[in-house]
Amino acid sequence: MEVFGISMQELIFSIFLPFVLFYLLFFALLRKSKILGENKNLDAATALVFSALVITSMYSLGITRYLANFGAAVAVACFAALFIYGTIKMTLTKGWEYATEVDRKKFEELEKKGEELWKEFLKGDSSAFPALENVVKELEVLAKKLKKDLNQIEWYKKYKEYKRRPEKGG
Amino acid sequence: MFELLFQFLFFMLSFLLVFGMLNKLRIFNRNLNVVIAFVIAFYVISVSFIFAEDVQKVLACFGILVIIVLGAVLVYTASGLREQKRKF
């Protein structure tokens, strides 16, 4: 079916719908900016004429044929931009909070290593203490991630008491 | 036919814009505003015969630009950047 020598599909998707979109956009823009004053009818008429002018220009230049494809491309680009932005934002803000199986294994290893180092330190090997401090630092970060209470570990409790002692004593 | 429609729309647009601006400025009374807008619109239409093609190209580019800007605004709003900026 053809209307004014234009197929129905082209008339709806390439002329009518873009016309409505432009009309609404221009009308909203004119109402918001109040460039022509408070007169609503004048804004509506101007938006109608301007959108019709844009569509006629596009049609006479043959751009309306690609308008539907262009709209779809813009929609896909918007979705892709939102998806990429959301993924990057999520990774940067919340990504570090999620614990993995590797973290759990590492936590167990560090717990054992820390216990061994603590025992060595108690035996009188003072060179084990700096290594123990490094292990504790890593363990605290992992415990926060895994939401575990380090005070339930016996040697960690003793280590903390030992650390507090010189501070209290001055 | 499309050329005629284009000329008419161009006339209407210039008339409405000039009339609206004159109404807002309130320099003359309403009837005089109509006359001035009519004269300026006829003047614009006489010029548009010469630059019709260029004006069409500019308007078509403007239409495409509007779609791109609309997409950018949608992404800006949907991503939450607009809300973040408002908080600060």
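Reader: Where does Lys34(A) sit in chain A?
Author: Lys34(A) lies in the loop between α1 and α2 of chain A. The helices named here (H or I, at least four residues) and strands (E, at least two) are DSSP runs, numbered from the N terminus. This is a predicted model, in which local features need pLDDT of at least 70, side-chain atom pairs count only at pLDDT 80 or more, and totals for chains, interfaces and linings use all residues. Residues are numbered from 1 along each chain as its sequence is written, while chains are lettered from A and ligands numbered from 1 in the order in which they are written.

Reader: Why does Lys34(A) count as exposed?
Author: Lys34(A) has 11 C-beta neighbours inside 10 Å, so it counts as exposed. The cut-offs are 20 or more other C-beta atoms within 10 Å for buried, 12 or fewer for exposed, and anything in between for partly exposed, with C-beta atoms placed from the backbone.

Reader: What makes the phi of Lys34(A) worth a mention?
Author: Phi of Lys34(A) is near 55°, a positive value in a residue other than glycine. Most residues other than glycine have a negative phi.

Reader: Which loop holds Lys147(A), and why is Lys147(A) called exposed?
Author: Lys147(A) is placed in the loop between α5 (128-146) and α6 (154-169) of chain A. With 8 C-beta neighbours inside 10 Å, Lys147(A) is therefore exposed. Lys147(A) is another non-glycine residue with a positive phi, about 55°. As for chain A overall, 18% of its 170 residues count as buried.

Reader: Why are α1(A) and α2(A) called oblique?
Author: Helix α1 (residues 8-33) and helix α2 (residues 40-61) of chain A pack at about 140°, with their axes 8 Å apart. Axes are lines fitted to C-alpha atoms, for helices over the stretch in contact, and angles run from 0 to 180 degrees between N-to-C directions. Under 35 degrees is roughly parallel, over 145 roughly antiparallel, 65 to 115 roughly perpendicular and the rest oblique. α1(A) and α2(A) are therefore oblique to each other. Their crossing is right-handed; the definition asks for the near helix to be turned clockwise from the far one by less than a right angle, and anticlockwise for left-handed.

Reader: What makes α2(A) and α1(B) roughly antiparallel?
Author: α2(A) and α1(B) pack at about 150°, with axes 9 Å apart. That puts α2(A) and α1(B) in the roughly antiparallel class. Here the crossing is left-handed. Among the residues that make this contact are Val49(A), Phe50(A) and Leu53(A) of α2(A), with Leu9(B), Leu13(B) and Leu16(B) of α1(B). Its residues divide into 16 nonpolar, four polar and no charged. Ala, Val, Leu, Ile, Met, Phe, Trp, Tyr, Cys and Pro count as nonpolar, Asp, Glu, Lys and Arg as charged, and the others, Gly among them, as polar.

Reader: How many residues of chain B are in contact with chain A?
Author: 28 residues of chain B are in contact with 28 residues of chain A, where contact asks for C-beta atoms, placed from the backbone, to lie within 7 Å. α1 (2-25) and α2 (30-78) of chain B each give two or more residues to this side, and α2(B) gives the most, with 14 residues. By class, this side of chain B has 20 nonpolar, six polar and two charged residues.

Reader: Where in chain B is confidence lowest, and where is it highest?
Author: Helix α3 (residues 81-87) of chain B is lowest, at a mean of 72, and α2(B) is highest, at 90. These are pLDDT values, the predictor's confidence in each residue, from 0 to 100. Chain B averages 87, and 95% of its residues score at least 70. The model scores ipTM 0.81 and pTM 0.65.

Key: Two residues are in contact if their C-beta atoms, placed from the backbone, lie within 7 Å.
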